[in-house]
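Look at the fold below before reading on. The report then goes through sheets, cores, the chain contact and some backbone details.

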Amino acid sequence: MTNTSDLTRLTAAEIAERIASGETSAVEVTEAHLARIEAVDEKVHAFLHVDREGALARARAVDAKRSRGEKLGPLAGVPLALKDIFTTEGVPTTVGSRILEGWIPPYDATVTRRLKAADVVVLGKTNMDEFAMGSSTENSAFGPTGNPWDLTRVPGGSGGGSSAALASYQAPLAIGTDTGGSIRQPAAVTGTVGVKPTYGAVSRYGMVAFSSSLDQGGPCARTVLDAALLHEVIAGHDPMDSTSIDAPVPPVVEAARNGNVEGMRVGVVKEFSGEGYQAGVVQRFNESVELLRELGAEVVEISCPSFDKALAAYYLIAPSECSSNLARFDAMRYGLRVGDDGGHSAEEVTSLTREAGFGPEVKRRIMLGTYALSSGYYDAYYGSAQKVRTLIKRDFEAAFGQVDVLVSPTTPTTAFPIGERADDPMAMYLADLCTIPTNLAGNAAMSLPCGLAPEDGLPVGLQIIAPAMADDRLYRVGAAVEAAFRARWGHPILEEAPAL
Amino acid sequence: MTVTELVSYEDALASYDPVMGLEVHVELGTRTKMFCGCSTALGAEPNTQTCPVCLGLPGSLPVVNATAVESTIRIGLALNCEIAEWCRFARKNYFYPDMPKNFQISQYDEPIAFNGYLDVQLEDGEVFRVEIERAHMEEDTGKSTHIGGATGRIHGASHSLLDYNRAGIPLVEIVTKPIVGAGERAPEVARAYVAELRELIRALGVSEARMEMGQMRCDVNLSLRPHGTETFGTRSETKNVNSLRSVERATRFEIQRHAAVLDAGGKIVQETRHFHEDTGSTTSGRVKEEAEDYRYFPEPDLVPVAPSREWVEKLRAELPELPRVRRNRLREQWGISQHEMQSVLNAGAIDLIVATIDAGAPADQARKWWMGELARRANEQGTELSALPITPAQVARVCALVAEGSLNDKLARQTIEGVLAGEGEPDEVVEKRGLKVVSDTGALSKAVDEAIAANEAIAEKIRGGKVQAAGALVGAVMKATRGQADAARVRELILEKLGVQG
């Protein structure tokens, strides 16, 4: 598997280059990845649906385009694993839930459309925690996904299917969504790269909503440059999403090609340390900070006192919005329909369908949110949470007055065993401790590998946080760190993962 | 409670003071829906004017219709409201199968327009000021048709049909502050308010506001308080009262019903009620034991609406003349009474008359045709005056033909009949039907000579000075020309030929 001629081991940038030059065809690349999926996904379970025919058809179209001498997109022919939260016309979209089992969307999400327009080959739809609610992908109605580093451990969540697909070479690119860390935390625990762009950078149109004010789609890849190339394809203003930013996409690819932290001011978030942080995670993080210094950055400690309240605020805002967003799943128009036997009223059919179609975590959050929005409780819960959100934004503003980027561990621990936290929601929620403030404030963050924890040999993620609309800083810093670690390790970190 | 148990209206007013609150929903006449690009045209096959957004499909997102925002601001300005510098949409959460998302995008504590008033003129000319609490934007729901139940309600139905063509059509909800001090004129004030609001909406051109089409719907909130007390009584909310007459009747009925309950020492139940056109009464709908909890929160999928002051002032400057002001101006110009103007208003004839005048007709003639012959025909056919297949320009042309002597009154009526029958423009009808007044002096002169010859005795009387006897000869000539002669001209000719001064 270490043969460099293996197409599934190439980066997206390399594949695009080979296809553009004619060295290899999009069909060959797609077939190689479909074969890899065939070979390993029974064990990993990264995909909920593989669109074999659709992928090959697109690959053939790319090859035909090239043979006609037409201009190809920057990622033409590159295979991609799409999180099953984005609608795909004619291809099932379940959001990891029974309630949408069998639904074939009649329309493409904006992200899907942009991928197609860029000649990217979508291989299929990846597994996820139901409605993106979770940090382990165990909440998927269709069974958990294994972490390619250790199949008995979780690949993170909610986008565990996407991160596992990357780490097991089933796709060089993937798309995730990040409401509280669902791109970054899976990236961290699988040794891959994940970026949550600035809120509004990537259109949410056709991305099934969990928590509208927090959800953000973003790129997942095995290298910083690949993430940047994908970022550029999917980002940009969309008139179909009112919250989409009407401004040029920051120069992320240019930044990823010119990694450099010299003279940059980097803040270490004081609050993201101490109890609950695994020793190996802390060790690798500290080494990363040291590395940044060596590379010429000025490192200072920054305090963000409101971050301690972020988790609590998040677990009021996200459930509140989800309780409303998920109200539409009522069995009337699409998806699962239980009890429609002539013996039940419309209301009963809705109840029976929701009872059967929603998993326990989704029900828990709908109930929490319904309660938090109730009259008499609104101010104490939703209202207070919004105030905390303002305080967190102010903390970030103050911090970015002093430094260019902030850094922290992405998640307090490495990948935990499947089942370990399944019955302990609070323990599960803690996995997103370091990632949530960014969602609440709406700015940008990246996770990239910074080594393996000595005690368990599992990947550790370094989180880089930038101000809103300064997504390019993530790539500039990320590329520099990635290059330095690569030089130190002598190879990409994923090569240390056991063969499947 | 049956009608016989009601307290008489006079007795009710002798003891109590009515307090009203009117909520009016207006469907805006925008080309596309509130949050998507689907057509709003009426009458399409069910579910053909839908898309992922107005069907609330997973992943879809709303985008605000800028024209709807502009229309709402214009309504707000015409109602003398303040316009918010910054406001948001909110989600109103409740479950109903005809609501695709199971929440309605509305506005809650941040309406775009608030704190205004509308002056309404009652039949006798008295002006009553109705204070406006707010006007806000929201989306309409789909339409349910319940099949198999006895009442047309969902309860007991075997199945229901859902049409989402209406889902997402822009609505503006206009809510009054409590209307106090109307006393016995409360039902009349309610009616006049809704009528005035309808005129205003039409004058702004933001909706046709046709109540019979559901484009404008009214909920009447009513409570009574004993004379001399300050606190309001418990209110009832009569939903979907959908004609001006019903607004007046529903208000009147509720005053009498509340009085009966209160007089008997009972308590008014806070509930929604349904109005029945046939009996003029209301019956209990849903009891609101506690206020329904809609769990409002700011709509996170939409950015706030922040109309710039420059834009608002531009819209204010471009507002048309308000209907009441215009009516009073026209009334003076036309020289008619308050009562006559009211009839013109009730007939929906103001704009038609104005357009006819603009097309060159004298005011009295324009008014005569629209309020006479045409109103009679519209009434016969049970249609709106404006729905008759005749244009103000065509009516003006008929007036012109009369003025130039080409048509007399009778022929003019026949011409109008022809236009209404689809026979073409007035001139074509005159041509095809051969309706032109016989003004050819030779032909007319011959007809007059024949009439004189055939009625020598009468002619002799006229020669003898009995000028009034000429009428009989005029009649004979008119008969001979099948009514196509100008009677005045005929009379002139007769007298001339007989050597008598008219």
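## Sheets, cores and contacts

A:V266 stands opposite A:V405, a residue in strand 9 of chain A. Strand 7 (residues 265–269) and strand 9 (residues 405–409) of chain A run parallel and are joined by three bridges. Two strands are taken to pair if DSSP finds at least two bridges between them. Strands (E, at least two residues) and helices (H or I, at least four) are DSSP runs, numbered from the N terminus.

This is a predicted model, in which local features need pLDDT of at least 70 and side-chain atom pairs count only at pLDDT 80 or more, while totals for chains, interfaces and linings use all residues. Residues are numbered from 1 along each chain as its sequence is written, and chains are lettered from A and ligands numbered from 1 in the order in which they are written.

The pair belongs to chain A, where 11 strands form an open sheet in the order 1-3-2-4-6-5-10-11-9-7-8, with mixed pairing. Strand 1 (47–50) and strand 8 (298–302) of chain A are the edge strands, each pairing on one side only. From one strand to the next, the twist averages 25°. The axes behind this angle are lines fitted to C-alpha atoms (for helices over the stretch in contact), and angles run from 0 to 180 degrees between N-to-C directions.

Chain B has an open sheet of three strands in the order 4-3-14, and the pairing is antiparallel. Strand 4 (103–106) and strand 14 (297–298) of chain B are at the edges with a single partner strand each, so one side of each has no neighbour in the sheet. Four bridges join strand 3 (residues 90–93) of chain B to strand 4 of chain B. Here B:A90 stands opposite B:S106.

Now the interior. A residue is buried if 20 or more other C-beta atoms lie within 10 Å of its own, exposed if 12 or fewer, and partly exposed in between, with C-beta atoms placed from the backbone. A nonpolar core is a set of buried Ala, Val, Leu, Ile, Met, Phe, Trp, Tyr and Cys residues joined through C-beta atoms within 7 Å. The largest core has 231 residues, and A:L80, A:L123, A:A228, A:I464 and B:Y193 touch the most other members. Helix 3 (residues 186–204) of chain B gives the largest share of this core, nine residues. A second, separate core has 43 residues, including B:A349, B:I353, B:A361 and B:L407.

Why is helix 7 (residues 224–234) of chain A largely enclosed by the rest of the structure? 11 of its 11 residues are buried. Among them are A:D226, A:A228, A:H231 and A:E232. A:A228 is in contact (C-beta atoms, placed from the backbone, within 7 Å) with A:V252, A:V253, A:A255, A:A256 and A:Y475, leaving aside neighbours within four places in sequence. Just after helix 7 of chain A, A:G236 takes a positive phi of about 120°.

The contact between the chains takes 31 residues from chain A and 25 residues from chain B. On the side of chain A that touches chain B, helix 10 (310–325) and helix 12 (360–373) of chain A each supply at least two residues. Helix 10 gives the most, with three residues. This side divides into 14 nonpolar, 11 polar and six charged residues. Ala, Val, Leu, Ile, Met, Phe, Trp, Tyr, Cys and Pro count as nonpolar, Asp, Glu, Lys and Arg as charged, and the others, Gly among them, as polar.

A:Y378 is found in the loop between helix 12 and helix 13 (379–402) of chain A. A:Y378 counts as partly exposed because it has 17 C-beta neighbours inside 10 Å. A:Y378 touches A:L373 and A:G383, not counting residues up to four places away in sequence.

| Residue | Phi | Place in chain B |

B:N47 counts as partly exposed, with 14 C-beta neighbours inside 10 Å. B:N240 has 15 and is partly exposed too. In chain A, a cis peptide bond joins A:G157 and A:S158, with omega about 10°.

Note on methods. Contact = placed C-beta atoms within 7 Å.
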